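Welcome! Have the sequence and the 3D picture ready, and let's walk through how the parts of this model meet.

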Amino acid sequence: MEANIAVSSEKKPTWGGGGVRPFGASYGKMMMWFFIVSDALTFSGFLAAYGLTRFKFIDSWPIADEVFTHIPFIHGEFPMYYVAFMTFILIFSSVTMVLAVDAGHKMNKKKVTWYLFATIIGGLIFVGSQAWEWKTFIKGSYGAVKTTDGKILQFVNESGKQIALSDFVVGDRGDDKVTQTRKNGLWFESGESVGQYSVAQVISSYNANPSIQIRSEKIDLDTKQKIILSREKGAAELAKAKLVVEGANLEVNEYGNTIFADFFFFITGFHGFHVFSGIVINIIIFFNVILGTYERRGHYEMVEKVGLYWHFVDLVWVFVFTFFYLV
Amino acid sequence: MAHAHDNSNVKRIWMVFGLLSVVTIVEVALGIVKPDFLHLNGIGTSWLNWIFIILTLVKAYYITWTFMHMEGEKTWFRRAVVWTAVFLIIYLVTLLLIEGGYLFETLAPLVRW
């Protein structure tokens with residue numbers, strides 16, 4: 001063993017590199033940085049894959065500020081405001097974290113405790129907001145129709161504004177299908193639930209209402225708007241419809257390309273998981289601070305190390321925010 | 001380190017917070033308004049997208065340098081982390097985006113709209 005290590009670890013604490021500090025950084029801090037590098041590369045891999053896919057479908061990609069338009073408790077369309085709020089929460093919790101680190105340098109236990117507490121609250125608000133954002137995305141806002149060749153058809157009124165299926169679809173499904181439940185006292189194989197509208201119903205409602213037009217996924221490169229089809233072309237596309245889509249999941253997506261939803265769930269989910277684990281780590285450190293662990297140890301470097309992780313989570317969000325919602 | 005300049009540290013943290021907030025507000029405002037001359041023109045991608053990307057890098061710089069205290073680390077430790085990450089990320093993104101563009105050119109003509 002002696003031959004393999006540069007510095008004898010005898011009579012020194014071996015955990016943490018035996019007090020050796022290359023580049024003047026402690027073992028723990030250096031390893032946190034190297035972990036962050038590898039984690040940054042993981043996220044870059046995801047975002048670059050998102051970029052590749054988006055370039056692949058550059059003429060039909062969903063327009064983000066038409067997708068994420070909701071804020072809690074208020075009806076209407078408010079693109080971006082809610083994600084902007086989430087971004088602020090995360091930046092602010094980063095600030096309270098760096099203030100906790102700063103108070104730690106001054107050995108001010110009370111301030112470290114309160115700032116760390118604020119950081120945890122900020123993290124919880126962020127994860128909660130993200131859960132709400134997921135719920136809204138899964139539930140959907142307008143509903144659309146998917147064709148046999150995999151295109152999504154949305155519906156607009158005469159002023160070109162998107163409208164929901166419930167705004168124009170009339171009549172009943174026309175096929176007497178209902179979702180059976182155990183309460184009906186029937187023996188049944190479990191199956192997919194039957195949606196509110198059938199394809200035939202949507203087609204007949206479209207034909208009956210001449211003010212409705214169909215919006216395709218295709219983007220007009222001159223205006224960067226989705227192309228709205230003429231009534232005749234719309235009817236021809238609608239004839240290929242096979243599925244009424246409401247909301248988004250890993251298999252269908254009313255806002256457009258399914259892979260957009262896949263990336264959304266995967267990347268924001270992976271980031272959300274990082275935030276969640278960051279909160280757990282922060283809570284552990286928070287209790288250690290209260291118990292006086294770092295007071296006895298003589299320094300608050302542990303707060304600094306989890307702080308690095310927390311800032312990294314914020315850093316990743318800055319990029320996710322840009323490439324998912326802005327660009 | 002922190003003992004030397006006690007209150008200026010806290011002041012600087014709030015300054016950076018203000019800066020990050022302003023940058024975010026500008027981004028969101030541009031994202032909502034989407035002025036046509038920025039949104040519809042540009043080289044490579046729209047000017048608006050370039051503005052977003054540059055502002056994002058500005059934010060990333062301030063988060064890393066101030067909040068993560070990279071400015072206080074030894075020069076070569078900083079370089080070991082930053083250069084490695086930046087080089088590999090640029091490499092990966094360049095290759096994947098070129099490939100994405102190629103896929104579009106190859107596959108898009110096959111789609112009938």
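Which side chain meets the side chain of B:E73 in a salt bridge? The partner is A:K29, with N and O 2.9 Å apart; a salt bridge here is a side-chain nitrogen of Lys or Arg within 4 Å of a carboxyl oxygen of Asp or Glu. Because B:E73 lies in the loop between α3 (47–67) and α4 (75–107) of chain B and A:K29 in helix α1 of chain A, the pair joins two chains.

Please keep in mind that this is a predicted model, in which local features need pLDDT of at least 70, side-chain atom pairs count only at pLDDT 80 or more, and totals for chains, interfaces and linings use all residues. Residues are numbered from 1 along each chain as its sequence is written, chains are lettered from A and ligands numbered from 1 in the order in which they are written, and side-chain values use heavy atoms, with hydrogens and water left out.

**Where chain A meets chain B**

- In this interface, 58 residues of chain A are in contact with 53 residues of chain B, where contact means heavy atoms within 4.5 Å.
- Chain A and chain B bury about 5100 Å² between them, and 79% of that is on carbon and sulfur atoms; buried area is the accessible area (1.4 Å probe) that two parts lose on being put together, summed over both.
- Two salt bridges are counted between chain A and chain B, and one of them is the pair A:K29 and B:E73.
- Both B:E73 and A:K29 are buried (buried is under 20% relative accessible area, exposed over 50%, partly exposed in between, with a 1.4 Å probe and protein chains only).

**Two domains in chain B**

- Chain B is divided into domain 1 (1–72) and domain 2 (74–113), with bounds that come from an automatic or database domain assignment.
- Four residues from domain 1 of chain B and four residues from domain 2 of chain B take part in their contact.
- Taken over C-alpha atoms, the centres of these two domains are 22 Å apart.
- Together the two domains of chain B bury about 340 Å², of which 74% is on carbon and sulfur atoms.
- On the domain 1 side, B:W65, B:M70 and B:G72 supply 91% of the area buried against domain 2, more than any other three residues.
- Across this domain interface, zero salt bridges are found.

**Salt bridges within chain A**

- Over all chains, the count comes to 15 salt bridges.
- A:E77 and A:K161 form one through their side chains, at 3.6 Å from N to O.
- This pair links distant parts of the chain, 84 residues apart: A:E77 is in the loop between α2 (64–67) and α3 of chain A, and A:K161 is in the loop between β2 (152–156) and α5 (165–168) of chain A. The helices (H or I, at least four residues) and strands (E, at least two) are DSSP runs, numbered from the N terminus.
- With 41% relative accessibility, A:E77 counts as partly exposed, and A:K161, at 46%, also counts as partly exposed.
- Another salt bridge joins A:K240 and A:E237, whose closest N and O atoms are 3.5 Å apart.
- Is A:E237 buried or exposed? At 7% relative accessibility, A:E237 counts as buried, whereas A:K240, at 28%, counts as partly exposed.
- Salt bridges that share partners join A:D149, A:K151, A:K233, A:E237 and A:K240 into one network.
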